[in-house]
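This report covers selected side-chain pairs, a sheet and overall chain properties. The sequence and coordinates come first.

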Amino acid sequence: MEYHLKTPLKTEDIETLRTGDIVYLSGKVLTARDEAHKRILETPLKEMPFSLEGGAIYHCGPLMKKDDSGQWEVVAAGPTTSARMSAMTPKFLELHNVRILIGKGGMDNIADSFRGKCVYLAYTGGCAALAAASIKNVHAVHWLDLGMPEAVWELEMDEFGPLIVGIDIKGNDLFSNIRKNAKENLNEISRP
Amino acid sequence: MESGIKHEDIVQATVSAIQKAETVLTEDVVASLEKAEQEESSEVAQSHLKAILKNIGIAHRHSVPICQDTGIIILFVEIGRKISLLPDIEQALIEGVRKATVEVPLRPNVVHPLTRENSGDNTGNGLPDIKYSFNDSDKIRITAVPKGAGSENMSILKMLNPSEVDSIDQLVLETVMNAGGKPCPPIILGIGLGGSFDKAALLAKTALLGRVDNMDQQELNMLEKVNRLGVGPMGTGGDTTALAVHINKAYCHTASLPVAINIQCWANRHATAVIGGDGQWNII
């Protein structure tokens, strides 16, 4: 199935998504990777400089540049390896009502923490120019002291995709299924 | 006799090689991805391959980096013995990386290993990683290889026992399986067999510089096995886990069997600048 979604999202908007479905996403998306995750977890809710309610987080460290008028523009913005954020994500999802996480490569054995509230979407790794082409606007940047790739960028997306549903709201995990199959295939290949 | 190669020629040639490597993939890699897209049986895998091909087109047309992870810069520099009295080539290469960071532009990726402080210009103690060699020409060849972390982080080096020759295939397959979608498959595998601890890693890395469509029987057999794992593009399943396997071998100690597996994502980026004795240079 193919879906076209727009942030902010309610649980109902992502309920019907199942692993292997394809999603195109529009609306505001926030980037966050290692350092931003750490800081989000350390920051009390009332001191957060941005809202994550119904939001989408993109595991991405973009390459940005300032144009002649001082406005930020996106040069390249592909996904980074989501597994690095695996350990921080259950707590993250507990504290904030984020509905979509986007990244690449899947997350390590934490599909249960997505149950009933969030989905994980996999974007094609390396497709930085394609992703940049679907970013219509850079609304703001937070925590630029963390450095360009680690800062939180508020991006306005238009039909960002194709995004493959990797973990659905029921906790089904496409990546762990493929891993299980690969293990069986490995045993088959290795048999003398 | 002093050569006609000036400091600035080396700087500019370095910038151009990095620019080309970051924005244009070599035709053999593109052709291999196109073939994979046509032959892929999984719909999800095909959507990844279509996105990759579309991305390559946009990056080329607009001269923007193919991937936001513009990597750390590795430079393979071949110096012709007929060239005498070079300018400070190392300083020129470093300057080329700094200039490319602004001009391409590149994401500032280089940090101190412990404090994680970003140097801001993609250089620092030990980076760019420059590997020199010599040939009999009157030219300098600078090959720029931007290496992203997603695939590099999944690479391994293992010192096997000499009796474990038969377990090399198993080690490769387990490495690819454990890496899953993290290194951005379809991958290219550079494998170094023999040498020493560090030599094996260098063999594996240089194996990535060969044409993807040029494989011997051992490499083709390994490729077939890797693709039977079914990891697929981005780890979401499919026929195309790897585009190519390249194996480099070197003699080693009788008590050793070093095996290095360097994983490269589909964006197998590299470009070479050749500087003639007169200072004229071009990108090949």
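E188(A) is partly exposed because its relative accessible area is 47%, where buried means under 20%, exposed over 50% and partly exposed in between, with a 1.4 Å probe and protein chains only. E188(A) forms a salt bridge with R191(A), and the closest N and O atoms are 3.5 Å apart. The term salt bridge stands for a side-chain nitrogen of Lys or Arg within 4 Å of a carboxyl oxygen of Asp or Glu. R191(A) counts as exposed, at 55% relative accessibility.

The model is predicted: local features need pLDDT of at least 70, side-chain atom pairs count only at pLDDT 80 or more, and totals for chains, interfaces and linings use all residues. Residues are numbered from 1 along each chain as its sequence is written, chains are lettered from A and ligands numbered from 1 in the order in which they are written, and side-chain values use heavy atoms, leaving out hydrogens and water.

**Salt bridges**

Over all chains, a search of the whole structure finds 26 salt bridges. Side chains of opposite charge can pair when their charged atoms come close.

| Pair | Closest N to O distance | Relative accessibility |
|---|---|---|
| E188(A) and R191(A) | 3.5 Å | E188(A) 47%; R191(A) 55% |
| E78(B) and R141(B) | 3.5 Å | E78(B) 29%; R141(B) 30% |

In chain B, E78(B) and R141(B) form a salt bridge with their closest N and O atoms 3.5 Å apart. E78(B) belongs to strand β1 of chain B and R141(B) to strand β3 of chain B, so this pair ties together parts that are 63 residues apart in sequence. E78(B) is partly exposed, and R141(B) is partly exposed as well. Helices (H or I, at least four residues) and strands (E, at least two) are DSSP runs, numbered from the N terminus.

In chain A, a network of salt bridges links R33(A), D34(A), R84(A) and E150(A).

**The five-stranded sheet of chain B**

Which strand order does the open sheet of chain B have? Its five strands are arranged β2-β1-β3-β8-β9, with mixed pairing. The edge strands of chain B are β2 (129–135) and β9 (281–283), each of which pairs on one side only. On average, neighbouring strands of this sheet are turned by 15 degrees against each other, direction ignored. Two strands pair if DSSP finds at least two bridges between them. Strands of a sheet pair through backbone hydrogen bonds, either parallel or antiparallel.

Strand β1 (residues 72–80) of chain B runs parallel to β2(B), joined by seven bridges. Within that pairing, I79(B) stands opposite F134(B) of β2(B). With β3(B), β1(B) pairs in the antiparallel sense over eight bridges, and E78(B) stands opposite R141(B) there.

R141(B) has V274(B) as its bridge partner in β8(B). Seven of the eight residues of β3(B) are buried, so the strand is largely enclosed by the rest of the structure.

Helix α4 (residues 89–103) of chain B lies across β1, β2 and β3 (140–147) of chain B, at about 145 degrees to β1(B). Axes are lines fitted to C-alpha atoms, for helices over the stretch in contact, and angles run from 0 to 180 degrees between N-to-C directions. Contact means heavy atoms within 4.5 Å.

**Chain A as a whole**

Chain A has five helices and nine strands. From the N terminus on, its elements run β-α-β-α-β-β-β-α-β-β-α-β-β-α. The radius of gyration of chain A is 17 Å, close to the 16 Å that the globule rule gives for 192 residues, so chain A is as compact as a globular protein of that length. This radius is taken over C-alpha atoms, and the globule rule is 2.2 Å times the number of residues to the power 0.38.

Of the 192 residues of chain A, 60% count as buried. Among contacts in chain A between residues at least 6 apart in sequence, 63% join residues at least 24 apart.
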